Amino acid sequence: MQVILCQVMSDCENKPSGACGGCALKSHCTIVEDDRFTRRQRWKALSLGYIVPFVLLAAVIAVTDLLTDNEYLIGGLALATIAVYYLTLFFIKPKI
């Protein structure tokens, strides 16, 4: 039974969008039919959530490492910078 269920679910995922409407296993599919966001909005969210913080973290670590040899200070400053970044992002959320 498990093999048949997996086969049916994979068939459901391979169908074009909207084809899973009548499927009995549509609640178990991993496909999400959500067209509320444009490609630009998705890239903006990806960059604001992952890419910018990574670059910011790497920059803070590199600059702090050049200025001091204290690893605790480097780590603390890097974590504090990321915390401030996400707090700022949280407070300006409605404006983004």
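A pocket is an open set of grid points with protein on both sides within 12 Å along at least five of seven lines. With that in hand, here are some exercises on this predicted model.

**Exercise 1. The largest pocket**

Find the volume of the largest pocket, the residues that line it, and the helix that gives the largest share of the lining.

Solution. Start with the volume: the largest pocket holds about 160 Å³. Next, look at its lining, which is made up of Phe-37, Gln-41, Lys-44, Ala-45, Leu-48, Gly-49, Leu-89 and Ile-96. Helix H2 (residues 39–67) gives the largest share of this lining, five residues. Finally, sort the lining by class: five residues are nonpolar, two are polar and one is charged.

**Exercise 2. Aromatic pairs**

Count the aromatic pairs, then work out how the rings of Tyr-85 and Tyr-86 are arranged.

Solution. The count is two aromatic pairs. For Tyr-85 and Tyr-86, the ring centres lie 5.4 Å apart, which is within the 6.5 Å limit for a pair. Their planes meet at 70°, and an angle over 60 degrees counts as edge-to-face, so this pair is edge-to-face. Phe-90 and Phe-91 form an edge-to-face pair too, with 5.4 Å from centre to centre and 70° between the planes.

**Exercise 3. Buried or exposed?**

Classify Tyr-85, Tyr-86, Phe-90 and Phe-91 by relative accessible area.

Solution. Take Tyr-85 to begin with: its 14% is under 20%, so Tyr-85 is buried. Tyr-86, at 37%, is partly exposed. Phe-90 is also partly exposed, at 48%. Phe-91 reaches 60%, which is over 50%, so Phe-91 counts as exposed.

Note on methods. Residues are numbered from 1 along each chain as its sequence is written. This is a predicted model: local features need pLDDT of at least 70, side-chain atom pairs count only at pLDDT 80 or more; totals for chains, interfaces and linings use all residues. Side-chain values use heavy atoms; hydrogens and water are left out. On a 1 Å grid over the protein atoms alone, a cavity is a set of points where a 1.4 Å probe fits but cannot get out, and a pocket is an open set with protein on both sides within 12 Å along at least five of seven lines; lining residues have an atom within 4 Å of a point. Grid points are joined across faces, edges and corners, and a volume is the space filled by probe spheres set on the points. Helices (H or I, at least four residues) and strands (E, at least two) are DSSP runs, numbered from the N terminus. Ala, Val, Leu, Ile, Met, Phe, Trp, Tyr, Cys and Pro count as nonpolar, Asp, Glu, Lys and Arg as charged, and the others, Gly among them, as polar. Rings of Phe, Tyr and Trp (its six-membered ring) pair if their centres lie within 6.5 Å; planes under 30 degrees apart count as stacked, over 60 as edge-to-face and the rest as tilted. Buried means under 20% relative accessible area, exposed over 50%, partly exposed in between (1.4 Å probe, protein chains only).
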